[in-house]
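Here is a briefing on charged side-chain pairs. Keep the sequence and the 3D view open as you read.

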Amino acid sequence: MNSEKVNYLKGDDETNLDKNIEFIVATDLHYISPKADVDGELSEICEAKGDLKQMKYASEIIDAFISEVIKYKPSGGLIICGDLTYNGEIVSHIDLMTKLQKILDKGINIYVIPGNHDIKNYNAYKYKAAQKIPIKSVSPKMFKEIYFNCGFKSALYRDKYSISYISQVNSELWLLMLDTNFYQENNWKNPVAIKGSINESTYEWLEQHLKEAKEKNIKVMAVTHHSLVDHNDLLNKGYTIENNQRLVELYAKYNIILNLSGHLHIQHIKPGYSKKIKNKKIYDIATSSLLVCRNQYATLTYEPKKSIYYKTKVLNVSRWAFERGILDNNLLHFNYYSYNYAYSQTYKKIYYELLRRNLSEYEAKMMSSTLSKLNPAFFSGTVVEIYRIIEVSDNYKVWSLVSDIFYHKYIDSIMKERKYDHNTLRLSLREDDESFGSVIWNKAKG
């Protein structure tokens, strides 16, 4: 047996089984401690690369988020789907845990799993005076020790062969926190693995406890860092769990409610279909990175025997800054700043590449403008709101001049999202009418 039974919490679930359970879901915080970024140079490095992560205000974004979690006080707790740190720096993990402790001190549960950036990362550096100085990352054991109070301490079961664990929310709902990372073979030549996989021993552990849950009529909600399914035609290699159909079939067999994921940094909802059980599908919800426009997280409400409702919420950094008397104009008008940052980062990255293809400056500007509008919408799951305007624009039509390059294919893959809202989903939990797992409502437009 490769499972360790740790704790069984009864709480007051026998008297509260009919009450809704609320969670907050966030992912890809990519926090870096000031001890690792002494002069704040990382934001300039990321900006030079065209990176959409807003590292300049990473600490403020996370502080504002923690403030909102405390105000909301979700009864189920906070779920973080991995990539807690920029590159697994031990000082970043320790400092982030100090921030998260404020949530725990208010009696709010936290459940974390690592992302591919978090453990045994050989890209862990201290940035100082234009130098990158290698610093210590964390081992799997250290990760569990630092975040011991964030799910591991109260876990019902822990896997001995990964950082996976199962927590009991109440007597009818379990939370599966599944480690899908491939950090074991990281080294100086291959500093950080992007891909995700599940080892055979963990699969055995997983099936053992999913079988138990089904026999006891316990519902299970799963969380991974990597995607359960391909969310985009181009962005899937290294982002979707390897041999993902095996996990889809396991989820289908044991009636998993849904899977929550991160890693992609985009907001996207898509089902995985079982090939063995007719009409069976499992929804994977990839929540966008908290550091990328629109800087959003999600609320998730579990309504026993009725439905489960997921909805994103834009983080109100401006209100947080105003309440604290902060005078930074970017923070006081953060939604405006955040969008312009994503727009300009996309624009400058594509504009110069288009010029190198012997396009005129006018054509390059038109085409860059199109992608710069689409990219923030894609990452925030709101393409449905702007696709009609893009579709009829002359700027979009000019892209036919370079149909052979990656960015044209990228735009086409984004425009396929034109009919879908990826920010809301309500799934049925009813079993009496055989609608379990079916979509009740998704606020699609167009």
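K99 and D63 join their side chains in a salt bridge, 2.7 Å from N to O. A salt bridge here is a side-chain nitrogen of Lys or Arg within 4 Å of a carboxyl oxygen of Asp or Glu. This is a predicted model: local features need pLDDT of at least 70, side-chain atom pairs count only at pLDDT 80 or more, and totals for chains, interfaces and linings use all residues. Residues are numbered from 1 along each chain as its sequence is written, and side-chain values use heavy atoms, with hydrogens and water left out.

**The K99–D63 pair**
- The two residues are 36 apart and link distant parts of the chain: K99 sits in helix α3 (residues 90–104), D63 in helix α2 (residues 58–72).
- Helices (H or I, at least four residues) are DSSP runs, numbered from the N terminus.
- K99 has a relative accessible area of 12%, so it is buried.
- Buried means under 20% relative accessible area, exposed over 50%, and partly exposed in between (1.4 Å probe, protein chains only).

**The E207–K253 pair**
- E207 and K253 form a salt bridge, with their closest N and O atoms 3.0 Å apart.
- This pair also links distant parts of the chain, from E207 in helix α6 (residues 200–215) to K253 in helix α7 (residues 244–253), 46 residues apart.
- E207 is partly exposed at 29% relative accessible area.
- K253 is partly exposed too, at 41%.

**Other salt bridges**
- D51 and K53 pair through their side chains at 2.7 Å, N to O.
- Both D51 and K53 are buried.
- A network of salt bridges links K71, E323 and R324.
- The whole structure holds 17 salt bridges.
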